[in-house]
Amino acid sequence: MDYCADLHIHSPFSRATSKECDPAGLAGWARVKGIQVVGTGDFTHPGWFARLREVLEPAEPGFFRLRDENAPAPLAGLAPSTAPVRFMLTAEISCIYKRHGAVRKVHNLLYVPDFAAAERVNARLAGIGNIESDGRPILGLDSRNLLEILLEATPDGFLVPAHIWTPWFSLFGSKSGFDTVEECFGDLAPHVFALETGLSSDPDMNRLISALDRFALISNSDCHSPSRLGREANLFSTGFDFFSLRDALKGNHRETFRGTVEFFPEEGKYHMDGHRDCGIRFEPDETRRHGGRCPVCGRPLTVGVLHRVLELADRDTPLFPDDAPTFFSLAPLTEVVGEILGVGPASKQVMSHYVRLIERFGSELDILLRVDPGEIAVVSPVLAEAIVRMREGRVIRQGGFDGEYGTIKVFEEGEVARLSGQGGLFSDGAPSRRGRSKAISRPPAASGRRSVTPPDPAPAAGPDPGQAEALACDASRVLVAAGPGTGKTYTLVARLAALLAAPGTDPARVCAITFTNRAAAEVRERLAAVAGEAAGQVFVGTFHRFCLDWLRREEPDRVVVGDESRERLLRRLFPEIGVRERSGLAAEIADFLHRDNGGDAPEPVRFYLDELARRGAMDLDDVVPALVRRLRGDETFRRRVCAGVAHLFVDEFQDLNAPQYALVEILGEEATIFAIGDPDQAIYGFRGSDPSFFFRFADLPATRRLDLSRNYRSAAPLVEAASAVIAHNRLRSGISLTPTTAREGAIELYRAPTPAAEAEFIVRRIEELMGGISSFSIASGRGGDQDSRRSFGDIAILYRLARQADELANALDRRGIPFQLVGAVPYFLGPVAGAATRFVRAAAGSTELADWLALAQDLPGVGEGTIRRLEEALPLTGDFPALVAGVELPPPVAHRMAELTALLERFRSVAGREGIAPALGEALTLFGTDQGHADCRRLLALAGSFGRDIVAFDRHLREYAAETVYDERAEAVALMTLHASKGLEFPVVFLAGCEEGLIPCTLWRDVDVEEERRLFYVGMTRAKETLVLSASSERPWVSPAERPLSRFAGEIPGRLIRQPEPGRGGRRKPKGEQLDLF
């Protein structure tokens, strides 16, 4: 059977994808385009996966069809079509990982024959990264390992590297790829038999490389809107099923894989070299003559596909075997019609004529490929001439570059008017109207008058002088004060790598301690990239992890009590106090453990700690103090621990509390110490952190203190402003920051009358800084800088208290601006879906009785009295169903508990047969949960990605349970507290609520003004180019009085601050005259 297939598309769950990319919309447009097989795209996304299962049913082997095929036509005026359209399960994965010391960014397409196979793939991938974040998830997964996962999940599946020449994200990309398929996929390379060429290359270019001879070259639209289906596609003459299609690609013979429909490669947006910001478009030889740099700004050019192909080519002319599939280079029909009419391809006039052409000739691909030009000439001689020229490759080409699409023209300037004559363009006699010809944009010439932002200094080949001194210092104790943006992590990792490369170093006795798991992961990843296998033997982890590992070597059964179990035990020990008092006591316990230097604990704290000891447990916050006590009291244990640490590295040294500093002192008796941090960024006093430990360590005779002062992040005005603010602190680092970037910087200050007005100002300013986000932005004067290259991900909004987020999030939501709220409670622990999450924990075999009791509290008929009785009767951990059976309970409650146990057994049974999602949906009825709620739908969709693996699903939920973390891959504005912003950077930072009472915050405790100033300093130094301070004159939930401006804003030199100017909307251009097609 002859058919056409477009096997790379995206769903509405992918960013910047039309909502019309649902299965019905795709099928409707496939009929218009003349496509019989469409990839589903994005089967890894739980929401899309659930939607596909809902609306598709099996058809031919490995193909699926709509359950309801009576979909309306996608364009007004088109008659509904019942032409068969089939779907094939497909997905795209963005793999970002390190290999051979370089970061690789490769997109790969996955193809599977059935939902069960997709489910198995999803379960594996969900354990690696967040597959909910996007339809095309970004995973830290080697391409070779992705292929292995696919083949293990379904040997019938296959992988195709996507758009293999795209500079930034592809197999052969000039910025991120490899030189051969074998280098990328290693021992599994023989399982790769097809490559997707992408819009910017065609088979002629690929057949210049003999290493690609064995591969089938496929082409797909990679569309984010269904109207773009088929702009590239594949032609088959084989069995109409998944397996025949796959085998035709494996065989790569024209008899079954007929060929491809291609863009003219010049139209692709990365065909040529160039620099879009400066309008520079180069052929490869021009790039080489300029040393690979832009002649206007001096920055590196983006090397395009043609250049990269010629780098790897070993032939002067393409070589095709006699039976090789052919290819057809075409431009979309709407572009051809738009050129004839002198209007845009998406204009109403073009679409009206497009519908008439489809109604007459059947489909777009029929018109472009198959319909006799004589038939087209009957209704439009000019269109017929355009089709003939295009089929013969006689077109005018201007290559795309650096992310900007190229242009393909069929006619010379004025040629359409000459060919159409004085009558109508078509033979229906409609009079023509003279119109303005649409100008073709050309690269502007460089001139002395051009305003160019000076480029940043090129990154040094090695460390700067301050970093070099820190790397080479041979003192046994080194303390580095590293100001913001000075390369702290680089210096830490480089020092570690140098140590590992030194003769005689035992990697197993090197220990690097960080404050967060995220920081540990970053150090571990960077170290592996530069130090290789030795990095895997180094301990890189948090203080808690280091201490807990050693404690559990001595007491493997010791239970560690977290927040929920602590709350449960406090309720049992102190039944007479209320929620607020318990919260205060929990804070008192944490404060004592953070600051404990061996002093006497207050009586309630001691009572709690003694009870934990009696139960063989310890509080999570007691892990570090417990190890310190053990080291001080057990000399044999102390010698064993110290013998395991010859070299100690400590990150963020300014954040140490008393027990952590005591641990460093003990380990430092035998080990060398390299500590790094910035006392000007010490902001965790509420957790017991004390920057005075930094200065105490610096004052020790054996310590050599060094400074890193070259700021590579922020523009000069921002560095000057931040330095002026922090200079008001008595306890400060004394670092004199020096900016190195040549970027211009700006600081703005805006005072609004109300919090709502402040939020609206921020939204408006975001639109201006981005050059407008919609036609409304331009028309309403919010267009700002039309040449702006800002994206949503370049912007952060910071605030002091989480309560400020609501007003800001609502304002962003109203304008449709995407944002990620960092630090919020995950949806699956919220009031709607929380019970289902706790149920999964129980089903996965949790021995934390706090999990079970929280679940029991969700059951109808189980009240506070029952929970208190169980808390008194049960230990902290154990087999809950067995333990609860021994507790005397009222018959209705006992029945509920038995019902819960039975329901869990049924859940496990159903999940084992049918999958977690249907089993969980059935279980939710017990809790009276609304399955139609968005949070429940989202959780059920996520569950579907894990197939039948309950333990993997539970592990995934626990990993993401603490709070939502910042996702640097998200194309969204980041909303977060000042504390959460530590360690991050953004081109644009808004600091909201710059008012007395909020910053410094004086709402509930004695304020440490110096720490609050350090927090403000941290927020200021997150900005690379633009810092916008905003405040409200009133904030009723803080106090009824008028809000004065924060004293910290007043400490910024006035000459550095400017008032933001509202953007000016441009005039609407008059509508030009247009030609008629018919």
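User: By relative accessibility, does Arg315 count as buried or exposed?
Analyst: This is a predicted model: local features need pLDDT of at least 70 and side-chain atom pairs count only at pLDDT 80 or more, while totals for chains, interfaces and linings use all residues. Residues are numbered from 1 along each chain as its sequence is written, and side-chain values use heavy atoms, with hydrogens and water left out. Buried means under 20% relative accessible area, exposed over 50%, and partly exposed in between (1.4 Å probe, protein chains only). Because Arg315 has a relative accessibility of 19%, the residue counts as buried.

User: How many residues apart in sequence are the parts that Asp213 and Arg315 tie together?
Analyst: The side chains of Asp213 and Arg315 form a salt bridge at 2.5 Å, N to O (a side-chain nitrogen of Lys or Arg within 4 Å of a carboxyl oxygen of Asp or Glu). Asp213 sits in the loop between helix H6 (203-206) and strand E10 (216-218), and Arg315 in the loop between helix H9 (305-312) and strand E15 (326-329), so the pair joins parts whose separation in sequence is 102 residues.

User: Which helix holds Glu415, the partner of Arg389?
Analyst: Glu415 and Arg389 meet through their side chains in a salt bridge of 2.5 Å, N to O. The pair ties together parts 26 residues apart in sequence, because Arg389 belongs to helix H14 (residues 381-391) and Glu415 to helix H15 (residues 415-420). Helices are DSSP runs (H or I, at least four residues) and strands likewise (E, at least two), numbered from the N terminus. Both side-chain partners are buried, and the helix of Glu415 is H15.

User: Which helix contains both Arg51 and Glu54?
Analyst: These two side chains meet in a salt bridge at 3.6 Å, N to O. Arg51 is partly exposed at 31% relative accessibility, whereas Glu54 is exposed at 51%. They are 3 residues apart, about one turn of the helix, and both lie in H2.

User: How large is the area buried between domain 1 and domain 5?
Analyst: By an automatic or database assignment, domain 1 covers 2-271 + 304-331 and domain 5 covers 827-962. Their C-alpha centres lie 40 Å apart, and 14 residues of domain 1 are in contact (heavy atoms within 4.5 Å) with 11 residues of domain 5. Buried area is the accessible area (1.4 Å probe) that two parts lose on being put together, summed over both. Carbon and sulfur atoms give 53% of the total, which is about 970 Å².

User: Which residue pairs with Glu119 in a salt bridge?
Analyst: Across the interface of domain 1 and domain 5 the rule finds 1 salt bridge. On the domain 1 side, helix H2 (46-55) and helix H3 (115-126) each supply at least two of the touching residues. At 3.4 Å, N to O, the partner of Glu119 is Arg948.

User: Which residue follows helix H7 with a positive phi?
Analyst: Helix H7 (residues 242-251) has buried residues, among them Phe242, Leu245 and Leu249. At its start, a side-chain oxygen of Asp241 reaches to within 3.0 Å of the backbone nitrogen of Phe243. After H7, with phi near 55°, comes Asn252.

Note on methods:
Polar contact = N/O pair within 3.5 Å; in protein donor to acceptor, adjacent residues only side chain to side chain.
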